[in-house]
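Subject: Handing over the structure, with notes on what it contains

Dear colleague,

Please have it open while you go through them.

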Amino acid sequence: MKYLIVGLGNIGPEYADTRHNIGFMVLDEFAKQEGAKFYNMRLAYYTEVTYKSRTLCLIKPTTYMNLSGKALNHWMKELKIPVQNVLVIVDDIALPLGTLRLKPKGSAAGHNGLKHIEATLGNNEYARLRFGVSDNYPKGRQVDYVLSGFDDDEKPELPALIDRSIEMIKSFATIGTELTMTKFNK
């Protein structure tokens, strides 16, 4: 059984470790823990990890956030992965830091990466792991905020949240969305 795990983010050193790149950060740590290495392939950095006889195909789109659907669509078709086996990891300013929420589907909630995925797929029937990054920014400064790094008082929380995200990915691939939501969503 194959799963497509998509970490959203932007390529380039200026975006590394920013709130908007939490999807990349989660997959980087997952690959590191599994001894896997990402390769620059068509429209994405790609690697695979095996977990409980399932193949988890991890991609970090190289298309920039606003064109994420292009990479997701290509790899879904290339690997013949149905939409119910797709999980997108995304930053969410509507959730406080420390909140991780798996959803089976839903709106893009203003997130440009999710908007493009929805437009490309023609639906919003894919699971997403929403990683809360808070909304501690002045009115009109949202873009600056998500493209900035985490504050010094937030950084100590990240490793445990990233590890918990990895547990949720593994759970999604083994027991499915509903049971994972019951187990992890608070």
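How many bridges join strand β3 to β4, and do the two run parallel or antiparallel? Strand β3 (residues 44-51) is joined to β4 by eight bridges, and the two strands run antiparallel; within that pairing, Leu-56 of β4 is the bridge partner of Val-49. Strands here are DSSP runs of E with at least two residues, helices are runs of H or I with at least four, and both are numbered from the N terminus; two strands pair if DSSP finds at least two bridges between them.

Before going further, please keep in mind that this is a predicted model, in which local features need pLDDT of at least 70 and side-chain atom pairs count only at pLDDT 80 or more, whereas totals for chains, interfaces and linings use all residues. Residues are numbered from 1 along each chain as its sequence is written, and side-chain values use heavy atoms, with hydrogens and water left out.

The sheet

The pairing of β3 with β4 belongs to an open sheet of seven strands in the order β2-β3-β4-β1-β5-β7-β6, with mixed pairing. Its edge strands, each pairing on one side only, are β2 (39-41) and β6 (100-103). Neighbouring strands are turned against each other by 25 degrees on average, direction ignored; axes are lines fitted to C-alpha atoms, for helices over the stretch in contact, and angles run from 0 to 180 degrees between N-to-C directions.

Strand β1 is joined to β4 by five bridges, in parallel, and it also pairs with β5 in the parallel sense, over four bridges. Val-6 stands opposite Ile-59 in β4 and opposite Val-88 in β5. Five of the six residues of β1 are buried, so that this strand is mostly covered; buried means under 20% relative accessible area, exposed over 50%, and partly exposed in between, with a 1.4 Å probe and protein chains only. Helix α1 lies across β1, β3, β4, β5 (86-92) and β7 (127-132), and it runs at about 140 degrees to β4.

The nonpolar cores

A nonpolar core is taken as a set of buried Ala, Val, Leu, Ile, Met, Phe, Trp, Tyr and Cys residues joined through side-chain atoms within 4.5 Å. The largest one has 34 residues, of which Ile-5, Phe-131 and Ile-169 touch the most other members. Its largest share, nine residues, comes from α5. Leaving aside neighbours within four places in sequence, Ile-169 is in contact (heavy atoms within 4.5 Å) with residues including Ile-5, Val-26, Phe-30, Leu-56 and Leu-129. Apart from this core lies another, of 22 residues, among them Leu-8, Met-65, Val-88 and Leu-114.

The annotated residues

An unreviewed UniProt entry lists His-20 under "active site", and its "binding site" annotation covers Tyr-15, Tyr-64, Asn-66 and Asn-112. UniProt positions are given in the numbering used here, feature names are shortened, and annotations may be inferred rather than shown by experiment.

His-20 lies in the loop between β1 and α1, and it counts as buried because its relative accessibility is 12%. Beyond its neighbours within four places in sequence, His-20 is in contact with residues including Asn-10, Met-65, Asp-91 and His-111.

Tyr-15 is placed in the loop between β1 (2-7) and α1 (22-34), and its contacts, again leaving aside neighbours within four places, are Asn-10, Asn-21, Tyr-64 and Leu-147. Tyr-64, in turn, is in the loop between β4 (54-61) and α2 (68-79), and is partly exposed, with a relative accessible area of 38%. Among the contacts of Tyr-64, with neighbours within four places left aside, are Gly-9 and Tyr-15.

With kind regards
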